[in-house]
Amino acid sequence: MFLTKAVHKLEQAAAIDPVVETVTKIVNGILPPGPVKDALHGRPLGHALHPLLVALPIGLSTGASMLDLTGGERYQPAAQRLVGAAVLSVLPTAASGLADWSELGSSKRPKRVGLVHASYNVVATSLYAASWLARRSGHHRRGALLALLGAGGLAAGGYLGGHLVYSQGVAVSRNADRTPKPRKWTDVAPASDLDSGTIRIEVSGQPVMITRQGGRLYALGAVCSHLGGPLDEGDITADGCVVCPWHGSTFRLDDGSVARGPASVPQIAYEVRTVGDRLEVRAKD
């Protein structure tokens, strides 16, 4: 209950918004939209990269403390190497987390929590770096104590990271509970509705956008997998993509794949056709 109240107060802490905005500008300056940032988002994997990388510093540092507590003097060199590897693994892990955090747009609550989450991890990394330096100088007991303090920072940061994912839905696909349906051709709207541009319809309880480009019809799930933006309100590009109006995630119209992040999860793609003066859709296999 105490932790829940503390995090709730953190979510409401508007006083840190200027810091959030400054850090966001710095991160976006260092990591502008492009292939590197897309890779950090996890686009090639089809899901977020950060949760995968988080296991590295946590696992390595935990292994070092286990050796400190149970291995004895003979395992001190191994513990030192694990701590050093943990510190080195922080760079790509932090970069992927900051890439995701910087693309939360105007979502203030998760950005506030994310900033403090990162701050705890900075403290933890500093303690682990100090632990490695102490061990390197022959002060293994001091290094072991510093590592335990670092573990406390990791635990605090990990709690907030879990809150971001499981309570606030950061890095969770907004289409995770949507299955590709209907499997059969289904009448959805008059074909004349497309005369005014992209349309949004409901089919089998799922929102779908339909658009025409170059004489071809395309249909995708209308809810952006990143943070739920309305793709039917996005721009259609000349190279056959739709751009989410909220955070700029770009999806290919023909198959729903991610052309550019921050999204990492593809959209559900549909087949669409005209039968007489009606539009019909069905989910692609």
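Two strands are taken to pair if DSSP finds at least two bridges between them; strands (E, at least two residues) and helices (H or I, at least four) are DSSP runs, numbered from the N terminus. The model is predicted, so local features need pLDDT of at least 70 and side-chain atom pairs count only at pLDDT 80 or more, whereas totals for chains, interfaces and linings use all residues. Residues are numbered from 1 along each chain as its sequence is written, and side-chain values use heavy atoms, with hydrogens and water left out.

**View 1. The six-stranded open sheet.** Its strands follow the order β1-β10-β9-β4-β3-β2 with antiparallel pairing. Because β1 (186-190) and β2 (199-203) stand at the edges with a single partner strand each, one side of each is left without a neighbour in the sheet. From one strand to the next the twist averages 35° (axes are lines fitted to C-alpha atoms, and angles run from 0 to 180 degrees between N-to-C directions).

**View 2. Pairing of β4 with β9.** Strand β4 (residues 216-221) and strand β9 (residues 269-275) are antiparallel and joined over two bridges. Tyr270 in β9 is the bridge partner of Ala219.

**View 3. The four-stranded open sheet.** Antiparallel pairing links the strands in the order β5-β6-β7-β8. The edges are β5 (235-236) and β8 (258-260), each with a single partner strand, so one side of each lacks a neighbour in the sheet. Two bridges connect β5 to strand β6 (residues 241-243) in the antiparallel sense, and Asp235 lies opposite Val243 in β6.

**View 4. Tyr159 in its helix.** Tyr159 belongs to helix α7 (residues 140-167).
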